[in-house]
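Please read the following briefing alongside the sequence and the structure shown below.

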Amino acid sequence: MKKPSPRSNTLATGLAMFSMFFGAGNVVFPLALGQHAKDQNIYAIIGLLITAVGVPFLGLIAMTLFDGNYRAFFNRLGKIPGFLIALTIMGLIGPFGALPRCIALSYSTISLAIPHLELIPFSIISCILIYLFTFRKNNIIDVLGYVLTPFLLFSLLIIILKGFWEANGLPASIHQPYETFLVGLQEGYQTMDLLGAFFFCSVVLACLKKGVEPQTHEHVNYKKMIILTLKASCIGAFLLGLVYLGFSYVAAYNSENLAEVSKEQVLATLSHQILGPNAGIVASIAVALACLTTAIALAVVFAEFLHFDVSKGKISYHNSLILTLVVSFIFSTLNFTGIIAFLAPILEVCYPALIVLCIVNIGYKLVHFKPVKIPVFSIFALSLLYHASSYLK
């Protein structure tokens, strides 16, 4: 079998990075941002691109320097703090955050097509489907991903292109540029892509290593891996930024028609408005299925983490999966808006400290910069105090 060339392998990995970071849920935040920012969208999107594109790829590069080993990465803060941070992050991208958010967004997207659908029955059915697809190894999810992802991207591209074609101008915003910039920064936290980057970096590295020839000296390969990661990251970041830019402006142009639409229903509403009722329903169903496919992958990741890392095999994978889905169901009943309200303060407090951790760990690997606990925990404490004082006002 012919070994893939480094160039083609880097391109393929860059596309894979885009696919990993970009989920149906990620579309919600640039849409909501454009809906909010209107003619100030340029400032808002700069903020979003920093935290929703730049920061996740910073995390990916930092993890690459640790060969994708998240334990070594977090354990620089100490073994127990490192484990607790990993557990917290896994919980947030699992049953306490991203997983139930996928279920809730799937419901919000499809509820326009099925008006009398209730959230609780939908969440129960979704969790049962996730269980059926995950309690045994099944390649149907891979098949669904191969079919759904191109169709989803095609639908979203049509919405962007037609939305620009029919645009009449940007409505005036009542917000100041710095306000929309700060909103953009905070919306970028909600994508939670930095948290995901810590755990799927090993998958990215496995893809890149296919195109790297073995070397006599290990440091040669190490340097080459960093260069390939940077090249692939540029491809993934460019595509992700392009999609975010397109969707934020489509929503900004249509913001007057979206004035009374809740954040989680902006995508479904735009689909119906731009594509028409029939095509809009098809696009909404594609988004809903893509959300559930993501939820299935997250359920497996967290159940395996609970089984192997937390319980050390004492809790079986099957029981770990059931526990994961029970918690996910409970949180999904908060609805998309409730889940966002729960996640927002946690992400706003934790994100700055995690960004600093990435920076100091990069410094540690490249220039032997050793301080880690003082800068990370200091930023965490300052962030916690700042947001605590803001909520008390």
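Residues 24 or more positions apart account for 81% of the contacts in the protein chain with a separation of 6 or more, where contact means heavy atoms within 4.5 Å. This is a predicted model, in which local features need pLDDT of at least 70 and side-chain atom pairs count only at pLDDT 80 or more, whereas totals for chains, interfaces and linings use all residues. Residues are numbered from 1 along each chain as its sequence is written, and side-chain values use heavy atoms, with hydrogens and water left out.

**The chain as a whole**

- The protein chain has 16 helices and zero strands; helices (H or I, at least four residues) and strands (E, at least two) are DSSP runs, numbered from the N terminus.
- The radius of gyration of the protein chain is 21 Å, which agrees with the value near 21 Å that a compact globule of 393 residues would have; the radius is taken over C-alpha atoms, and the globule rule is 2.2 Å times the number of residues to the power 0.38.
- Along its principal axes, the C-alpha trace of the protein chain spans about 60 × 55 × 50 Å.
- Of the 393 residues in the protein chain, 50% are buried, where buried means under 20% relative accessible area, exposed over 50%, and partly exposed in between (1.4 Å probe, protein chains only).
- The accessible surface of the protein chain comes to about 18700 Å², and 69% of it belongs to carbon and sulfur atoms; these areas come from the Shrake-Rupley method with a 1.4 Å probe, and for residues only the protein chains shown count as cover.
- The mean positions of the 23 positive and 16 negative charges of the protein chain are 16 Å apart. Lys and Arg count as positive and Asp and Glu as negative, while His and the chain ends are not counted, and the place of a charge is taken as NZ of Lys, CZ of Arg, CG of Asp or CD of Glu.

- Thr13 lies in helix α1, which covers residues 6-21, and counts as buried because its relative accessibility is 2%.
- Not counting residues up to four places away in sequence, Thr13 touches Val204, Cys207, Leu208 and Ala232.
- Ile158 belongs to helix α8, residues 140-165, and is partly exposed because its relative accessible area is 32%.
- Beyond the residues up to four places away in sequence, Ile158 touches Gly163 and Leu275; the C-alpha atoms of Ile158 and Ile274, which are 116 residues apart along the chain, are separated by 9.0 Å.
- Ile159 is also found in helix α8, and Ile159 counts as buried because its relative accessibility is 0%.
- With residues up to four places away in sequence not counted, Ile159 touches Phe247, Val250, Leu267, Ser271, Ile274 and Leu275.
- From C-alpha to C-alpha, Ile159 and Ser284 are 12 Å apart in space, and in sequence they are 125 residues apart.

**Helix α13**

- Helix α13 (residues 277-310) has 34 residues and reaches 47 Å from its first C-alpha to its last, close to the 50 Å expected at 1.5 Å a residue; the expected span is 1.5 Å times one less than the number of residues.
- Ser284 lies in helix α13 and counts as buried because its relative accessibility is 1%.
- Leaving aside neighbours within four places in sequence, Ser284 is in contact with Thr109, Ala268, Ser271 and His272.
- Ser284 and Gly47 are 237 residues apart in sequence, and their C-alpha atoms are 28 Å apart in space.

- Helix α9 (residues 177-190) has 14 residues and reaches 20 Å from its first C-alpha to its last, close to the 20 Å expected at 1.5 Å a residue.
- The buried residues of α9 are Thr180, Gly184, Leu185, Glu187, Gly188, Tyr189 and Gln190.
- Most residues other than glycine have a negative phi.
- Lys312, which follows α13, has a positive phi near 55°.
- His368 has a positive phi near 60° in a residue other than glycine; His368 lies in the loop between α15 (335-367) and α16 (373-392), and counts as exposed because its relative accessibility is 64%.
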